[in-house]
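Reader: Can you walk me through this one? I would like to know what the terms mean as we go.

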Amino acid sequence: MPPDNQQDQKANQENHQDKKNAFVQMANYAQLAIVFPAATLIGWLIGVGFDRWLHTSWLYIVGLILGVIAGFVELIRTASSNK
């Protein structure tokens with residue numbers, strides 16, 4: 001294979017890797033659009049369940065706060081892994 005052909009092939013592979021990495025990063029950030037609200041909703045639902053089980057009226061707030069915290073933890077983990 002001539003040297004020019006090898007360089008072109010290597011450049012094409014690097015370009016393909018860059019595109020793949022960009023799509024992987026976009027997918028990771030798009031995942032946050034689902035994970036953050038889902039964590040909040042699940043925390044709230046668990047709090048509501050405990051409220052009904054224990055006949056209280058404030059545990060849903062604790063569940064909501066824990067769900068939001070879990071969403072932020074996932075946000076930080078995703079952002080720091082993509083550096």
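Author: A word on exposure to begin with: a residue is buried under 20% relative accessible area, exposed over 50%, and partly exposed in between, with a 1.4 Å probe and only protein chains counted. Phe72, with a relative accessible area of 43%, is therefore partly exposed.

Reader: Where does this model come from?

Author: It is a predicted model, in which local features need pLDDT of at least 70, side-chain atom pairs count only at pLDDT 80 or more, and totals for chains, interfaces and linings use all residues. Residues are numbered from 1 along each chain as its sequence is written, and side-chain values use heavy atoms, with hydrogens and water left out.

Reader: How many helices and strands are in the protein chain?

Author: The chain has two helices and zero strands. Both kinds of element are DSSP runs numbered from the N terminus: helices are H or I with at least four residues, strands are E with at least two. Helix H1 covers 3-54 and helix H2 covers 59-81.

Reader: What share of the residues is buried?

Author: Of the 83 residues in the chain, 16% are buried. One of them is Thr40 in helix H1, which counts as buried because its relative accessibility is 17%.

Reader: What is Thr40 in contact with?

Author: Leaving aside neighbours within four places in sequence, Thr40 is in contact with Leu64, Gly67 and Val68. Contact means heavy atoms within 4.5 Å. For the chain, residues 24 or more positions apart account for 57% of the contacts with a separation of 6 or more.

Reader: Back to Phe72. Which ring does Phe72 pair with?

Author: The structure holds two aromatic pairs. In one, the rings of Phe36 and Phe72 have centres 5.1 Å apart and planes at 75 degrees, so the pair is edge-to-face. Phe36 is in helix H1 and Phe72 in helix H2, so this pair ties together parts 36 residues apart in sequence.

Reader: What are the cut-offs for a pair?

Author: Rings of Phe, Tyr and Trp (its six-membered ring) pair if their centres lie within 6.5 Å; planes under 30 degrees apart are stacked, over 60 edge-to-face, and the rest tilted. Phe50 and Trp53 form a tilted pair, at 5.9 Å centre to centre and 45 degrees between the planes. These two are three residues apart in helix H1, which means about one helical turn between them.

Reader: Is Trp53 buried or exposed?

Author: Trp53 is exposed, at 61% relative accessibility. Phe50 is partly exposed, at 38%.

Reader: New topic. How many salt bridges are there?

Author: The structure holds one. The term means a side-chain nitrogen of Lys or Arg within 4 Å of a carboxyl oxygen of Asp or Glu. Here the side chains of Arg77 and Glu74 meet at 3.2 Å, N to O.

Reader: Where do Arg77 and Glu74 sit?

Author: Arg77 and Glu74 are three residues apart in helix H2, so about one helical turn separates them. Arg77 is exposed, with a relative accessible area of 55%.

Reader: What about the loop between H1 and H2?

Author: His55 lies in that loop. Its phi is positive, about 55 degrees, although His55 is not a glycine. Most residues other than glycine have a negative phi. His55 is also exposed, with a relative accessible area of 71%.
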